[in-house]
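Me: I'm new to this structure and would like a close look at one part of it. Could you walk me through how its strands pair up and what goes on in the loops around there?

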Amino acid sequence: MAQYTVFYKDDAEKEIQQAYNGVCEDTDFIAHFTALGCTSILVESEDTPNDHFYINDAENGVVKRGIMDITIDKTICNVDEVITLTGVPEGASIKINDGEISQTMNADSSLTFTLQQSGVFKVSIEHPTSRKYFIWNNYIEARRLTI
């Protein structure tokens with residue numbers, strides 16, 4: 001286990017900005033991150049704290065972000081074919097093409113939708129407690145059959 005001085009934005013999200021290996025006594029380094037609005041804590045961690053971690057609510061340690069366990073039944077489909085996402089956490093925000101279509105997930109954890117035009121569509125899912133989970137992104141290609 002190693003010690004790190006972790007600089008983070010002192011706001012609701014507590015995003016890690018930089019981790020210094022050991023106790024940071026570099027006044028220029030401290031001044032730089034303080035000027036950016038960062039606070040620092042000294043933590044012990046087996047892994048180097050980076051953007052895969054966030055500061056815990058007590059602000060005395062780091063926690064590894066979780067991965068939303070979402071599955072998609074297909075990434076290439078025909079227009080008007082049903083696509084199903086499962087494992088979507090309740091309250092998650094679902095966006096297609098960066099918000100052209102946006103919904104919030106209910107308690108069902110399963111989402112079905114149909115693409116009515118051809119193209120490639122970005123599907124993003126963000127948990128309401130975004131600092132605790134990575135954003136899930138995937139692309140779906142809808143093709144129009146021509147005979």
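Reply:
**Strand S8 and its surroundings**

S8 and S11 pair in the antiparallel sense, with five bridges between them. Two strands count as a pair here if DSSP finds at least two bridges between them. The strands themselves are DSSP runs (E, at least two residues), numbered from the N terminus.

Before going on, keep in mind that this is a predicted model, where local features need pLDDT of at least 70, side-chain atom pairs count only at pLDDT 80 or more, and totals for chains, interfaces and linings use all residues. Residues are numbered from 1 along each chain as its sequence is written, and side-chain values use heavy atoms, leaving out hydrogens and water.

Back to S8, then. Thr86 has Ser110 in S11 as its bridge partner. S8 (residues 82–86) also pairs with S6 (residues 71–72), again in the antiparallel sense, over two bridges.

Now for the loops. Ser109 lies in the one between strand S10 (101–104) and strand S11 (110–114). Its phi is positive, near 70°, though the residue is not a glycine. Ser109 is partly exposed, at 29% relative accessible area (buried is under 20%, exposed over 50%, partly exposed in between, with a 1.4 Å probe and protein chains only).

Glu59, another non-glycine residue, has a positive phi of about 60°. You'll find Glu59 in the loop between strand S4 (53–55) and strand S5 (62–64), partly exposed with a relative accessible area of 28%.

Conventions. Helix = DSSP H or I, 4+ residues; strand = E, 2+ residues; numbered from the N terminus.
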